[in-house]
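Visitor: Hi! Could you walk me through the pockets in this one?
Guide: Happy to, let's look at it together.

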Amino acid sequence: MSFVRNARYLMGRSIHNIQKRGFADEMKLTFAAANQTFYDQSEVRQIDVPSFSGSFGILAKHVPTLAVLKPGVVQVIENDGKTSKYFVSSGSITVNEDSSVQVLAEEAHKVEDIDVSEAKQLLSQYQSQLNSASSEEAKAEAAIAIECAEALVRAAE
Amino acid sequence: MMMQRANILMPVAIEATFQSQPQRGMATLKAISIRLKSVKNIQKITQSMKMVSAAKYSRAERDLKAARPYGVGAQQFFEKTEIQSEDKTEPKKLLIAMTSDRGLCGAVHTGVARYIRNELAKDDSQTKLFCVGDKSRSILSRTYGKNILMVANEVGRLPPTFLDASKIAHEVLKTGYDFTEGQIVYNKFKSVVSYQLSTLPVYNAPTVEKSEKLALYDSLDSEIVQSYLEYSLASLIFYTMKEGACSEQSSRMTAMDNASKNAGEMIEKLTLTFNRTRQAVITRELIEIISGAAALN
């Protein structure tokens, strides 16, 4: 009787151990924007991010890196396979040694929330702003805004 | 100029007290009622200020809750790489004081200013200040005016936005002051009744690049590190501004609540004195009338 109980106890412990080992392979994502927080140290399977050195996907045990976010779509695949897409304007990506990932965006919104016609209107507005810009600084500003608006339209479509 | 004005004022004030001295009764009654009225008005003001800051506080707290993971995330990289500035021989320090333009909020701003003053008392030759908000400037400019690099105004009227933070970060980087050690001095919000003065370190690109653990990080060039640091400075400033704004509102709420309570106490005492004086005046007049009538008989 006691043998059975011991065996069950051991089995339970080994399952627990496996789970614990699996735990280390998971990565913790903090995905926040200045306006709201989407993930706060929650475990996810994969994150795809657009950066200035090219878009890349992050899985657990990714090599530590720093990158700068480019306007585009961040895709988060959660452990249960649920995929969510967010549009980000700019920000930073940090992948640390302990597989924790910080994606900090200046502005981020769910892709579903973007209105395509509004985004297109914004794009044309910035394009006319670029044409009418006189100083170098204003031109650069408008060019950045266009880049962001283009990504916004692409994300919404 | 100030001395002159004070000299003119003094005799007037003395005269006023002399005048009010011999007349008692009616005149003091009037004086007390004026005083009572003004205290009542002050209480009304402090009460409504409390209401306003309570509303602002609840919003600031909500904002802060959203911004906390952001701020913590922004600090993670610096904590995990354990960066330390190696250049101890000649540290050029930069202190960023997170305050606002508005006063009447307890010791929120003075706490920040006191910390900075203590830091400057140690060594003020290699330290520069960046004052966010007029309050820290007005407190520090008298003694350490030459250390102030720049002041950011119009802080605190509206809730801080990321745009404000990035503007400040931009100015910090644009000043051309190559600091080796940076610190953001701010109040960290704990609860409605308490906040804690805290500091956050800020690093420049050479310090980060020298860090040992950075070798672990893949595919970095100095441009990425530079833009990463610029962005994280803006994020940290944004986060500390949120913390500061929330502490300020909560502290103002408490301060105004206390002020209303004190005004209430004062009103109670003044009303009592007013009634006593009124009675005394009536009694005296009665005595005068009665004794006058008695003298006639």
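This is a predicted model: local features need pLDDT of at least 70, side-chain atom pairs count only at pLDDT 80 or more; totals for chains, interfaces and linings use all residues.

Guide: Let's begin with the second largest pocket: 18 residues line it, and B:Asn153, B:Glu154, B:Val155, B:Asp164 and B:Lys167 lie nearest its centre.
Visitor: Which elements give two or more residues to that lining?
Guide: In chain B, those are strand E3 (148–152) and H5. H5(B) gives the most, with four residues.
Visitor: And what's its volume?
Guide: The second largest pocket has about 340 Å³.
Visitor: What classes of residue are in its lining?
Guide: The lining of the second largest pocket has 10 nonpolar, five charged and three polar residues.
Visitor: OK, new topic: how much space lies in the largest pocket?
Guide: About 1100 Å³.
Visitor: How many residues line the largest pocket, and which lie nearest its centre?
Guide: There are 26 in the lining of the largest pocket, and nearest the centre are A:Ser90, A:Glu106 and A:Ile144 together with B:Ser166 and B:Tyr231.
Visitor: Which helices and strands supply at least two residues there?
Guide: From chain A, strand E4 (65–69) and helix H3 (136–156) each do, and from chain B, helix H5 (162–174) and helix H7 (222–296).
Visitor: Where does the largest pocket lie relative to the domains of chain A?
Guide: The largest pocket lies between domain 1 (23–112) and domain 2 (114–156) of chain A, because both give residues to its lining.
Visitor: Last one: how does the lining of the largest pocket split by class?
Guide: The lining of the largest pocket has 14 nonpolar residues, plus six polar and six charged ones.

Technical notes:
Residues are numbered from 1 along each chain as its sequence is written. Chains are lettered from A and ligands numbered from 1 in the order in which they are written. Side-chain values use heavy atoms; hydrogens and water are left out. On a 1 Å grid over the protein atoms alone, a cavity is a set of points where a 1.4 Å probe fits but cannot get out, and a pocket is an open set with protein on both sides within 12 Å along at least five of seven lines; lining residues have an atom within 4 Å of a point. Grid points are joined across faces, edges and corners, and a volume is the space filled by probe spheres set on the points. Ala, Val, Leu, Ile, Met, Phe, Trp, Tyr, Cys and Pro count as nonpolar, Asp, Glu, Lys and Arg as charged, and the others, Gly among them, as polar. Domain bounds come from an automatic or database domain assignment.
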